[in-house]
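Biologist: I'd like to learn how to read a model like this one, feature by feature. Could you take me through it?

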Amino acid sequence: MFKIGNRSIGKDFPPLVIAEVGINHDGDLNKAIAMVDSAFESGAEVIKFQCHITEKEMIKTDILPGEISKEPLWNIIKRCELTEIEELKIKKYCDQKGIMYLSTPFSREASDRLEKMDVPAYKIGSGECNNLPLIEYIAAKGKPIILSTGMNDIESIRRSVNIISKYSVPLILLHCTSMYPTPYKHVRLGAIDDLKANFPNIEIGLSDHSLNIYCALGAVAIGACILEKHFTLSKDWEGPDISISITPFELKELVNGSRAIWEARGGRKSILEEEKPVIDFAYASVATIAPIRKDDVFSIENIWVKRPGLGEIPASDFENIIGKKALNDIPNDIHLKLKDVSQ
């Protein structure tokens with residue numbers, strides 16, 4: 001069983017929904033605080049940021065972040081940096097609100113900052129899934145790790161899992177497709193089962209970049225124990241992740257829907273005790289549809305099946321009555337009794 005703080009995570013507990021702010025605050029502390037309020041009001045238990053110290057995580061470059069933005073990656077990250085003081089303010093505000101604060105470090109220095117802030121766990125993003133030196137550095141801190149696995153195959157993931165396991169650190173893997181947005185055909189929910197088969201002792205969740213909550217909800221039905229979605233207060237905000245982010249209304253729907261689907265999972269096909277009162281009025285019993293005289297032969301002309309199911313002969317036994325004789329005169333439109341049927 002995986003646990004962050006007092007929150008247990010696994011198949012026996014409702015899915016943990018993580019509202020992924022990332023850098024959607026655009027470096028604005030007030031926006032970040034407003035997002036904490038909104039995520040809390042929407043019912044999310046966790047809100048997650050990204051801890052960027054740009055000079056420590058990358059060299060200065062003009063590289064673009066794929067098709068996500070036409071702005072150089074360095075410029076985006078630098079603009080969206082929060083200071084250590086700002087991040088600590090957000091963490092303390094989350095503690096006061098009662099929503100768990102997590103953050104993804106992108107460098108050793110960022111993980112050290114988060115450790116000073118006493119975060120309860122570390123989320124490692126897909127881009128760092130095969131960053132073995134950073135993974136080992138973070139694992140050595142001894143706190144639970146949530147590891148996203150986009151852009152990695154089973155062999156690559158296994159190397160990271162093996163490093164983390166050396167430190168006996170609780171671990172959850174998140175299936176992820178690193179496409180922004182992810183088309184449905186590339187979400188590949190079947191990868192959750194693939195990860196379960198290859199890492200049977202590790203809980204599996206989903207970090208989803210598709211455009212709504214459908215795939216995340218579907219993942220619950222096959223056992224995803226964590227659902228992570230990018231989150232924004234407004235689709236009108238600027239930022240590379242805004243287009244793939246869900247709104248407060250969608251976040252609330254994800255929280256409520258995931259709990260409903262989790263509760264509906266499992267079971268076997270049998271008659272529930274709670275269904276039995278419905279049987280009385282929903283089932284049908286064999287009934288007369290015409291007056292019947294003694295020694296008449298029962299046929300579809302004089303008997304059929306009618307509700308409620310309180311008669312002595314259930315509809316499932318109808319064929320067994322056909323061809324037998326009536327032992328008594330029987331009026332029309334009553335349930336047939338066994339004493340009236342020849343054996």
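Modeller: Helices are DSSP runs of H or I with at least four residues, strands are runs of E with at least two, and both are numbered from the N terminus. By that count, the chain has 13 helices and twelve strands. Keep in mind that this is a predicted model: local features need pLDDT of at least 70, side-chain atom pairs count only at pLDDT 80 or more, and totals for chains, interfaces and linings use all residues. Residues are numbered from 1 along each chain as its sequence is written, and side-chain values use heavy atoms, with hydrogens and water left out.

Biologist: Which residues touch the most other members of the largest nonpolar core?

Modeller: A nonpolar core is a set of buried Ala, Val, Leu, Ile, Met, Phe, Trp, Tyr and Cys residues joined through side-chain atoms within 4.5 Å. The largest one has 56 residues, and those touching the most other members are Ile90, Ile145, Leu147, Leu173, Leu227 and Leu251. Helix 1 (residues 29–41) gives this core its largest share, five residues. A second, separate core has 14 residues, including Ile4, Ile9, Ile18 and Cys225.

Biologist: Let's zoom in on Ile90. What does it touch?

Modeller: Leaving out residues up to four places away in sequence, Ile90 touches Leu29, Ala32, Ile33, Val36, Phe49, Leu82 and Tyr101.

Biologist: Now the loops. Why does Pro72 count as buried?

Modeller: Go by the accessibility cut-off: Pro72 is buried because its relative accessible area is 18%. Pro72 sits in the loop between helix 2 (54–57) and helix 3 (73–80). Beyond its neighbours within four places in sequence, Pro72 is in contact with Thr61, Asp62, Ile63 and Leu64. Pro72 and Thr61 are eleven residues apart in sequence, with 7.5 Å between their C-alpha atoms.

Biologist: Why is Leu189 classed as partly exposed?

Modeller: Leu189 gets that label because its relative accessible area is 23%. You'll find Leu189 in the loop between helix 8 (184–187) and helix 9 (190–198). Setting aside neighbours within four places in sequence, Leu189 contacts Leu206, Cys215, Gly218, Ala219 and Ile222. The C-alpha atoms of Leu189 and Gly218 are separated by 8.1 Å, and the two residues are 29 apart along the chain.

Biologist: What should I look for in the backbone angles?

Modeller: Most residues other than glycine have a negative phi, and most peptide bonds are trans. In this model, a cis peptide bond joins Tyr180 and Pro181, with omega about 0°. Pro181 lies in the loop between strand 8 (171–176) and helix 8. The bond from Arg307 to Pro308 is cis as well, with omega near 0°, and Pro308 is in the loop between strand 12 and helix 13.

Biologist: And where does Asp26, with its positive phi, sit?

Modeller: Asp26 has a phi of about 60° and lies in the loop between strand 3 (16–22) and helix 1. Asp26 counts as partly exposed because its relative accessibility is 23%.

Biologist: Is Ser168 buried or exposed?

Modeller: Ser168 counts as exposed, because its relative accessibility is 65%. Phi of Ser168 is also positive, near 50°, and the residue is in the loop between helix 7 (154–166) and strand 8.

Methods:
Buried means under 20% relative accessible area, exposed over 50%, partly exposed in between (1.4 Å probe, protein chains only). Contact means heavy atoms within 4.5 Å.
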